[in-house]
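Me: Please show me how to read the features of a protein structure, one at a time. I'd like the general idea and then a real case.

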Amino acid sequence: SCANLVDHLQEDYCFKIVTRDTDYCETKPYENVKSNQWNTINSNTHIYYFSSDELNKKNIYKLIENTEFDVVYLNGIFSYLFTIIPLLYFRKNKKRKVIIAARGMFASGALAIKRQKKQLFLSFAKLLGLYNKVIFHATNEAEKQDIINAIGNKNEIKIAGNLSKKIALETFISKPKRAGFVKLFNIARVAPEKNLKYALEILKEVKVSVQFDYYGPIYDVNYHNECKRVIEKLPAHINVNYKGVIPNNEVNKTLKNYDALFMPTLGENFGHIILESLLASCPVIISDQTPWQNLETEKSGWAIPLQDFNKYVDAITQLANSDEKQFNDFALAAYQKAKTFIENKDLISSNRALFEF
């Protein structure tokens with residue numbers, strides 16, 4: 001989300017990004033970056049990569065004090081280092097505008113994970129006035145309501161939808177497909193909120209042949225072990241494989257080898273992999289806990305309530321049993337939905353307005 005925001009708006013604003021020098025769930029630093037100093041990407045984009053041994057409150061405060069900027073944009077709610085520490089600083093130094101991107105973290109499904117810990121934090125945040133005069137970035141009306149439900153309605157909330165990658169749209173190309181078999185994928189961190197175990201439980205009841213490959217960092221080892229125990233009990237016609245972490249620049253090429261995305265997530269405020277799947281002409285089988293709705297009406301996929309277990313089974317069965325002509329009707333509809341989204345100029349305008357005061 002942040003990378004796309006910068007790509008689309010870097011001609012309008014100068015971005016100075018502060019992050020770790022390692023990827024998500026990794027310990028090895030990125031190659032070709034200089035840690036603990038500013039890296040210049042272009043004239044309007046600069047990135048400061050903190051090493052783990054230098055990432056602490058003292059050094060974050062020092063960096064804030066020695067950096068020139070007008071607006072602070074914090075990505076997420078619960079990060080101690082990258083949200084809470086900056087908020088503590090700006091609570092005492094109120095000269096800058098502070099925006100927090102909620103990133104779906106106030107959705108009911110997300111708050112249900114470690115609920116007591118999160119509720120305790122929110123109570124202390126209100127008590128400390130951590131969010132006083134802070135502006136929240138919501139990506140749609142539903143997320144705006146989630147923010148109000150979580151912290152009240154005293155804060156200004158700006159709505160700006162997530163932006164896609166800056167890409168050149170390719171022409172739709174039909175895909176080969178044989179009836180009676182479907183090749184599904186999932187790209188997400190392996191964690192309870194992504195609901196991989198539930199997806200595997202659904203596959204236990206599917207009677208057609210399925211290959212299901214899932215990719216992503218293992219965020220919760222215990223949860224992944226639970227998933228593996230379900231995989232061990234799957235019938236022979238259901239083939240499931242963990243494929244590890246996939247580099248971001250290889251996602252589109254990889255998706256072209258699959259028929260559909262299968263991800264009954266507990267909730268997404270956007271779901272970039274959903275858009276990338278549609279763009280790769282892959283219909284999606286997802287929960288109704290995302291902004292991507294009306295999929296079945298448009299023939300671009302299914303957005304199914306989580307309690308409707310059998311409908312997931314039916315959707316996978318229908319897709320597997322479709323022949324090449326029937327499948328490519330779904331594939332074309334998926335591509336056209338993504339194309340319509342990407343070509344929406346209003347999204348860029350609303351994101352630009354986030355930083356206008």
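Me: Let's start with Glu232: is it buried or exposed?

Reply: Glu232 is exposed, because its relative accessible area is 67%. The words have cut-offs: buried means under 20% relative accessible area, exposed means over 50%, and partly exposed is in between (1.4 Å probe, protein chains only). Keep in mind that this is a predicted model, where local features need pLDDT of at least 70 and side-chain atom pairs count only at pLDDT 80 or more, while totals for chains, interfaces and linings use all residues. Residues are numbered from 1 along each chain as its sequence is written, and side-chain values use heavy atoms, leaving out hydrogens and water.

Me: Where does Glu232 lie?

Reply: Look in helix α8, residues 221-232. Helices (H or I, at least four residues) and strands (E, at least two) are DSSP runs, numbered from the N terminus. Glu232 and Tyr258 are 26 residues apart in sequence, and their C-alpha atoms are 23 Å apart in space.

Me: What about a residue in a loop, like Pro217: which residues is it in contact with?

Reply: Pro217 sits in the loop between β9 (209-215) and α8. Pro217 counts as buried because its relative accessibility is 18%. Skip the neighbours within four places in sequence, and Pro217 is in contact with Tyr24, Cys25, Ala188, Arg189, Val190, Tyr242 and Val245. Contact here means heavy atoms within 4.5 Å.

Me: Now helices: at what angle do α10 and α13 pack?

Reply: Two packed helices are described by the angle between their axes and the distance between the axes. Here helix α10 (residues 272-279) and helix α13 (residues 324-342) pack at about 120 degrees, and their axes are 7 Å apart. That angle makes α10 oblique to α13. The contact involves Leu275, Leu278 and Leu279 of α10, with Ala334, Tyr335, Lys337, Ala338, Phe341 and Ile342 on the α13 side. The axes are lines fitted to C-alpha atoms, for helices over the stretch in contact, and angles run from 0 to 180 degrees between N-to-C directions. Under 35 degrees counts as roughly parallel, over 145 as roughly antiparallel, 65 to 115 as roughly perpendicular, and the rest as oblique.

Me: Why is α10 largely enclosed by the rest of the structure?

Reply: Seven of its eight residues are buried, so α10 is largely enclosed. Those buried residues are Ile273, Ile274, Leu275, Glu276, Ser277, Leu278 and Leu279. They pack against β8 (181-187), α9 (251-255), β11 (260-263), β12 (284-287) and α13.

Me: Last one, backbone angles: which residue with a positive phi follows α10?

Reply: Most residues other than glycine have a negative phi, and most peptide bonds are trans. After α10 comes Ser281, with a positive phi near 65 degrees. Arg103, not a glycine either, has a positive phi of about 55 degrees. Find Arg103 in the loop between β5 (97-101) and α4 (108-112). Lys299 also has a positive phi, about 65 degrees, without being a glycine, and it lies in the loop between α11 (295-298) and β13 (301-304).
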